[in-house]
Amino acid sequence: MILSPSLLSADFARLADELAALKAAGVQWAHLDVMDGSFVPNITYGPPVIAAMRKTSDLFFDCHLMIDEPGRYVDDFAKAGADLICVHVEATNHLERTCAAIAQAGCKPAVALNPATPLEAVRYLLPQLHMVLVMSVNPGFGGQAFIPFCLDKVRELKNMIIQAGASTLIQVDGGVTLDNCAELVAAGADVLVSGSAFFGHPPYDRRLRQFMERCGG
Ligand code: DX5
Ligand code: ZN
């Protein structure tokens, strides 16, 4: 299991320090939530802030774009230093084209689905996707409760990936805690995002260890 702490719950006034603390704790991925105030009812940060973070950190930047028509900004996020770019099914009419553009820009393509969006939307893209993100809250804010049916969704997606003979990773984001992480990994999750349940419980090395121990890793 890979833990990808969501910087949405970090101290925005000390992002460089937070990234350094994650690295020192043994974390490998950083989940960066980009929100535009249109696709979701909240606004965070964009390519200039990610470029500034990139200057201070060599963590794997897992960029979750909660923005309308993300295809317009793929090159900007790639240049800013994104390693993986995840776009929402619901945010674009041209998902395949956007994923191809992400790969063309040298980043790993990933697709996110809101809780109510059927898995069928990604079936034909699986061979070209590094990861599928199953949202387990309605995106926009940290600290929300996990929506229970998303556990079944992870199981179904795992079967779909096996049937397709693909090696796509499954990420789960929203309401992930020490209490549900083991079930999620057993259901097929490879990457867990955690915001409030991670940053709210320092020191980070101990918190990472607790997540890994719960998930048997
Ligand atoms: C929500 C974001 C999440 C958020 C998760 O829209 O995509 O990454 O930070 O926060 P928690 O883990 O607190 O639910
Ligand atoms: Zn996210």
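Is L151 buried or exposed in this predicted model? With a relative accessible area of 12%, L151 is buried, where buried means under 20%, exposed over 50% and partly exposed in between, computed with a 1.4 Å probe on protein chains only. The model is predicted, so local features need pLDDT of at least 70 and side-chain atom pairs count only at pLDDT 80 or more, whereas totals for chains, interfaces and linings use all residues. Residues are numbered from 1 along each chain as its sequence is written, chains are lettered from A and ligands numbered from 1 in the order in which they are written, and side-chain values use heavy atoms, with hydrogens and water left out.

View 1. L151 belongs to helix 5 (residues 150–164); helices (H or I, at least four residues) and strands (E, at least two) are DSSP runs numbered from the N terminus. Apart from neighbours within four places in sequence, L151 is in contact with F146, E183, L184 and A187, contact meaning heavy atoms within 4.5 Å.

**View 2. The zinc ion (ligand 2) and its protein donors.** H31 (NE2), D33 (OD), H64 (ND1) and D173 (OD) coordinate the zinc ion (ligand 2) at 2.1 to 2.3 Å; donors are N, O and S atoms within 2.8 Å of the metal (3.2 Å for Na, K and Ca), and since water is not among the atoms, sites may look incomplete. Along the chain, the donors follow the spacing H-x1-D-x30-H-x108-D. Distant parts of the chain are linked by the pair D33, in strand 2 (residues 29–35), and H64, in strand 3 (residues 60–66), which are 31 residues apart. The arrangement is octahedral because the six donor atoms around the zinc ion (ligand 2) subtend angles of 71 to 171°; six donors count as octahedral if opposite donors are over 155 degrees apart and all others between 65 and 115. D33 counts as buried at 4% relative accessibility, and H64 is buried with a relative accessible area of 0%.

**View 3. Packing of helix 1 on helix 8.** Helix 1 (residues 15–25) and helix 8 (residues 204–214) pack at an angle of about 55°, with their axes 8 Å apart; axes are lines fitted to C-alpha atoms, for helices over the stretch in contact, and angles run from 0 to 180 degrees between N-to-C directions. The two helices are therefore oblique to each other, a class left over once angles under 35 degrees (roughly parallel), over 145 (roughly antiparallel) and 65 to 115 (roughly perpendicular) are set aside. Helix 1 passes helix 8 in a right-handed crossing, that is, with the near helix turned clockwise from the far one by less than a right angle, anticlockwise being left-handed. E18, A21, L22 and A25 in helix 1 meet Y204, D205 and L208 in helix 8. In the loop between helix 7 (196–199) and helix 8 lies P203, and the peptide bond from P202 to P203 is cis, with omega near 0°.

**View 4. Packing of helix 1 on helix 2.** The axes of helix 1 and helix 2 (residues 47–56) are 9 Å apart, and the helices pack at an angle of about 50°, which makes helix 1 oblique to helix 2. The contact is made by L15, A16 and L19 of helix 1 together with V49, M53 and T56 of helix 2.

Technical notes
Tetrahedral: all angles 85-135°; square planar, octahedral: opposite > 155°, others 65-115°.
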